[in-house]
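The paragraphs below go through them in turn.

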Number of protein chains: 2
Amino acid sequence: MVDTLVILAPGLLGGSVAQAARARSTARRIVIWARRPEVRLQLADQPWCDEVAESPETAVRDASLVVIAAPVTRIVDLVLQIAPHLPATAIVTDVGSVKGEICRQARAALLAENSPATFLGSHPMAGSALTGWANGSPDLFAKCICFVTPRGEPDASVVTRLTKFWQDLGSEVICVDPDEHDEIVAHISHLPQLITTTLGNFLSTKPVKWSQLAGNGLKDTTRIAASDATMWIDILAQNRDEVLRALNSYEDEIHRLRTALSNRDWTELRTRLERGKTWRDSLRT
Amino acid sequence: MVDTLVILAPGLLGGSVAQAARARSTARRIVIWARRPEVRLQLADQPWCDEVAESPETAVRDASLVVIAAPVTRIVDLVLQIAPHLPATAIVTDVGSVKGEICRQARAALLAENSPATFLGSHPMAGSALTGWANGSPDLFAKCICFVTPRGEPDASVVTRLTKFWQDLGSEVICVDPDEHDEIVAHISHLPQLITTTLGNFLSTKPVKWSQLAGNGLKDTTRIAASDATMWIDILAQNRDEVLRALNSYEDEIHRLRTALSNRDWTELRTRLERGKTWRDSLRT
C-alpha cells in the first residue's frame with residue numbers, strides 16, 4: 001500500500017487512478033491538485049479525494065508516490081516545479097503516452113534541483129473516447145497493460161514499488177526502456193490511430209449516406225478515430241521520428257497490396273489476407 | 001409472411017436466415033439444400049429446417065423466395081441450375097458482398113432459361129469472424145443494414161416483398177442500384193478490410209511481444225483482419241476496380257498525412273485529427 005498518493009492535474013487517467021486506488025485500497029491517503037480553482041472545489045466533494053492541494057508544491061509535501069496526469073507537454077514543467085519540495089523517498093511518475101524525452105528531461109529536472117526523489121515513467125494503455133476526470137472509472141486499469149520504463153541501471157526497489165502500485169490497480173506491468181517503449185507504441189498505438197484518422201478523413205469526403213450504412217466492422221475499425229485531437233498532436237510531436245518510420249513502412253505495405261490487386265495477383269493477396277488473420281487470431285483476448 | 005423459403009448452400013448467413021425466419025415466424029416452411037450429403041443429414045435435425053432437399057432443382061420447386069447463400073463465385077451457376085425449375089412468382093436473391101456483376105449475370109441467366117422468376121440481389125451487412133451455418137444466429141440481422149439492389153425499372157411489388165422479408169428479420173433495408181452498392185461497399189467495407197489486413201501484415205513482421213501488448217484500440221481496429229481469406233479473395237476479384245480506386249485515394253491520403261508529420265505541420269495534422277473525429281462521432285451507434 002502507498003502511504004500518500006498525490007495526483008497532479010487529473011484528467012480521465014488521473015481521475016481513474018484516484019478512483020481505482022480508493023476502490024482497491026492501494027493508498028492510505030489521496031491528495032489531488034488541479035490547476036483550475038473550480039475543479040479543485042469539485043474534487044473536494046469526491047469520496048476518492050482526501051485532500052485538495054492549492055498548489056503542486058504543497059500537494060507533494062508528504063508524497064510517497066506522485067502521479068503526474070497532465071498532458072505530455074506539461075509533465076516536465078510540473079516535475080521542475082515540485083522538485084524542491086519532494087520527500088527524498090518519493091517516486092514521481094506520469095501517465096503519458098510517450099516516454100523517451102519525458103524520462104530524459106524529468107530525470108534531468110530532478111538532478112538540476114538536487115532532488116533525491118526518483119522519476120520513473122509509466123504508461124497505462126487504457127483510455128476512452130471520453131476525457132476528463134469526471135469520466136474516470138475505478139476499473140479503467142483492470143487487465144490493461146501498463147508500461148513502466150526504467151532506463152539504464154535503475155534502483156530496483158523503486159521499480160518494484162511502482163510495478164506493485166499498477167498491479168494493485170489491476171494492470172499487467174511491462175518494464176521496458178523508455179525509447180523502446182516509444183518504438184513499440186509508435187507501431188501498436190500511434191500508427192493505428194493515424195490509419196483510422198486517415199480513413200475517417202477520406203470517408204468524410206464521400207456522401208454522408210455512405211457512412212450511415214456502416215456495419216460493425218467499420219465502427220470497430222474506426223472507434224479510436226474519435227480520440228481527442230489535442231492529445232494526439234502532443235503525442236505525435238513527441239514521438240514524431242518513430243511514428244514517421246512506422247508510417248513509411250505502412251505506406252510501402254499499402255502500396256504493395258494495391259499493386260497485387262492491380263495485377264490480379266490473388267496468390268499474393270491470399271498470403272496477405274491469411275497472414276493478417278493469423279496475426280489477429282494470435283492477439284490475446 | 002413468406003410461404004416457402006428456400007435456402008441454398010447455407011453458411012453463416014444462410015444458417016442465420018433460416019434461424020431468424022423461424023424465430024420471427026417470417027416463413028411458413030423452410031427448405032434447405034447443401035452440397036455435402038453429411039451436411040444435409042445435420043440440417044435435417046435442426047428445428048429451423050422443415051425439409052432438406054437432395055438437389056437445388058428439387059429444393060426450389062415450390063419456392064416463394066430463394067436465398068442463395070453460396071460464396072459470390074458460385075451464385076450465378078446456382079441461378080442457372082435452378083432457373084428451369086422456379087415457380088413464375090418466385091423471387092431469387094443472394095447474400096453476396098458484391099452486387100454489380102452478380103445481378104447482371106443472374107438476370108441474364110433467368111432470361112436465358114426463359115424463367116419468369118425475378119432475381120433481386122441482397123447484401124445484409126452482417127457477419128462474424130466465424131463461418132459456417134452452425135455458427136449462425138437468429139439475431140444476426142437485428143438492426144443490421146441490408147442492401148436490396150434493384151436495377152433500372154424493377155417490379156415494385158418484388159422490391160416490396162424482398163424488403164419486407166429482410167425487415168421482418170430485423171434489418172434496416174436500403175435500396176440502391178447494384179453498381180452504386182459496389183462503389184459504397186468498396187469504401188465502407190472492402191477498403192477498411194484491406195487497411196487492417198495490411199496493418200496486421202506489417203505488425204506480424206515485428207517482435208511477437210509487441211502485439212501482445214496491444215490495447216483495446218488496436219484490437220478493435222484490427223478485429224475484421226480475422227475474416228476468412230477465401231471469402232475476401234472472391235469479393236476483391238468481383239469488386240477489383242472500385243476497390244482499386246478507393247485504395248488509390250487512401251494511399252494519397254496516407255501520403256499527405258505523412259508529409260504533414262514530416263514537415264511538423266501541426267495545423268494540418270490537427271485538421272485531419274479533428275475531421276476524423278467529427279466523422280467518427282457522426283456514425284450512428
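The axes of helix 7 (residues 178-203) of chain A and helix 7 of chain B come within 11 Å and cross at roughly 160°, where axes are lines fitted to C-alpha atoms, for helices over the stretch in contact, and angles run from 0 to 180 degrees between N-to-C directions. The two helices are therefore roughly antiparallel to each other, a term for angles over 145 degrees, and their crossing is right-handed, that is, the near helix is turned clockwise from the far one by less than a right angle. His187(A), Ile188(A), Pro192(A), Ile195(A), Leu199(A) and Leu203(A) make this contact with His187(B), Ile188(B), Pro192(B), Ile195(B), Leu199(B) and Leu203(B), residues being in contact if their C-beta atoms, placed from the backbone, lie within 7 Å. By class, the contact has 10 nonpolar, 2 polar and no charged residues; Ala, Val, Leu, Ile, Met, Phe, Trp, Tyr, Cys and Pro count as nonpolar, Asp, Glu, Lys and Arg as charged, and the others, Gly among them, as polar.

This is a predicted model, in which local features need pLDDT of at least 70 and side-chain atom pairs count only at pLDDT 80 or more, while totals for chains, interfaces and linings use all residues. Residues are numbered from 1 along each chain as its sequence is written, and chains are lettered from A and ligands numbered from 1 in the order in which they are written. Helices (H or I, at least four residues) are DSSP runs, numbered from the N terminus.

The axes of helix 11 of chain A and helix 11 of chain B come within 10 Å and also cross at roughly 160°, and these helices are therefore roughly antiparallel to each other. Their crossing, however, is left-handed. Among the residues that make the contact are Leu244(A), Leu247(A) and Arg258(A) on one helix and Leu244(B), Leu247(B) and Arg258(B) on the other, and the residues of the contact divide into 10 nonpolar, 6 polar and 6 charged.

In helix 10 (residues 229-238) of chain B, Trp232(B), Ile235(B), Leu236(B) and Gln238(B) are buried, with 20 or more other C-beta atoms within 10 Å of their own. They cover an arc of only 165° around the axis, which puts them on the same side of the helix. These buried residues pack against helix 11 (240-262) and helix 12 (266-282) of chain A, together with helix 5 (100-112), helix 7 and helix 11 of chain B.

Over the whole interface, 73 residues of chain B are in contact with 73 residues of chain A.

Note on methods. Buried ≥ 20, exposed ≤ 12 C-beta atoms within 10 Å, placed from the backbone. Arc of directions from axis to C-beta. Contact = placed C-beta atoms within 7 Å. Parallel < 35°, antiparallel > 145°, perpendicular 65-115°, else oblique.
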